[in-house]
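Below is a short note for a colleague who is new to this structure. The points are numbered and can be read in order.

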Amino acid sequence: TPLTAVRGLLEPLADGMVRDEEDRQRYYRIMLHEVLRLSRLITDMMTLSRLQSGTEYMEVVRVDLNTLIRDIASGYSGPAHQKGIDLIVDAPKPVPDAMTDPDRIEQVLIILIDNAMRYTPEGGTITIGMCNAKDAIVLTVTDTGCGISKEDLPHIFERFYKADKAHTSGMGTGLGLAIAQRIVEQHGGQISVESQNGKTVFSF
């Protein structure tokens with residue numbers, strides 16, 4: 001799709017059919033947007049391929065997750081405020097340090113928060129939660145967005161699957177959740193999703 005869009009805009013430009021400077025600049029902006037989109041798609045496909053083949057490097061170290069999730073929340077506070085969304089950290093009790101790859105855990109959280117930001121309307125809430133389980137630490141990202149239908153839930157971690165095709169912003173590649181699932185599984189964990197009554201919870 002990005003290549004089709006770029007070609008469709010390049011051909012009239014190359015043929016000299018777009019004479020107005022304002023129109024040319026608009027064409028250039030659209031092409032840049034599509035090239036960036038293609039770049040994201042290729043990067044995500046390469047990441048997923050390495051994760052599936054087991055060649056993606058993981059550096060497991062001792063990680064303070066309490067600090068990690070608050071740093072991530074701080075980074076999203078500005079964009080959330082601009083969209084009129086409340087971003088909350090729900091981790092009242094500190095958890096022990098975890099043996100994990102901090103960059104990969106951050107990548108999973110960013111994928112989940114980005115999705116939540118995309119589908120949560122103004123006035124909604126996104127909550128990043130963390131708590132102790134029996135033998136693991138459970139992290140959650142909860143949003144009060146449009147929710148995911150029962151028909152879509154079983155497919156949500158499939159490659160290129162987009163549940164809300166009618167309202168998607170076009171910024172995602174459809175690979176984020178598949179990447180998140182692979183990262184979590186390579187850590188020996190599990191990721192799941194529940195959605196009902198306009199509330200969606202991803203847990204891992």
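1. What share of the 204 residues in the protein chain is made up of buried residues? The share is 39%, where buried stands for under 20% relative accessible area, exposed for over 50% and partly exposed for what lies in between, with a 1.4 Å probe and protein chains only.

2. The model is predicted: local features need pLDDT of at least 70, side-chain atom pairs count only at pLDDT 80 or more, and totals for chains, interfaces and linings use all residues. Residues are numbered from 1 along each chain as its sequence is written, and side-chain values use heavy atoms, leaving out hydrogens and water.

3. Five helices and seven strands are found in the protein chain; helices (H or I, at least four residues) and strands (E, at least two) are DSSP runs numbered from the N terminus. Their order along the sequence is α-α-β-α-β-β-α-β-β-α-β-β.

4. Along the principal axes, the C-alpha atoms of the protein chain fill a box of roughly 65 × 40 × 35 Å. Of the contacts (heavy atoms within 4.5 Å) with a separation of 6 or more, 69% come from residues 24 or more positions apart.

5. The protein chain exposes about 12,100 Å², and carbon and sulfur atoms supply 52% of that area. Accessible areas come from the Shrake-Rupley method with a 1.4 Å probe; for residues, only the protein chains shown count as cover.

6. Helix α4 covers residues 102-119 and includes Glu 106. With a relative accessible area of 30%, Glu 106 is partly exposed.
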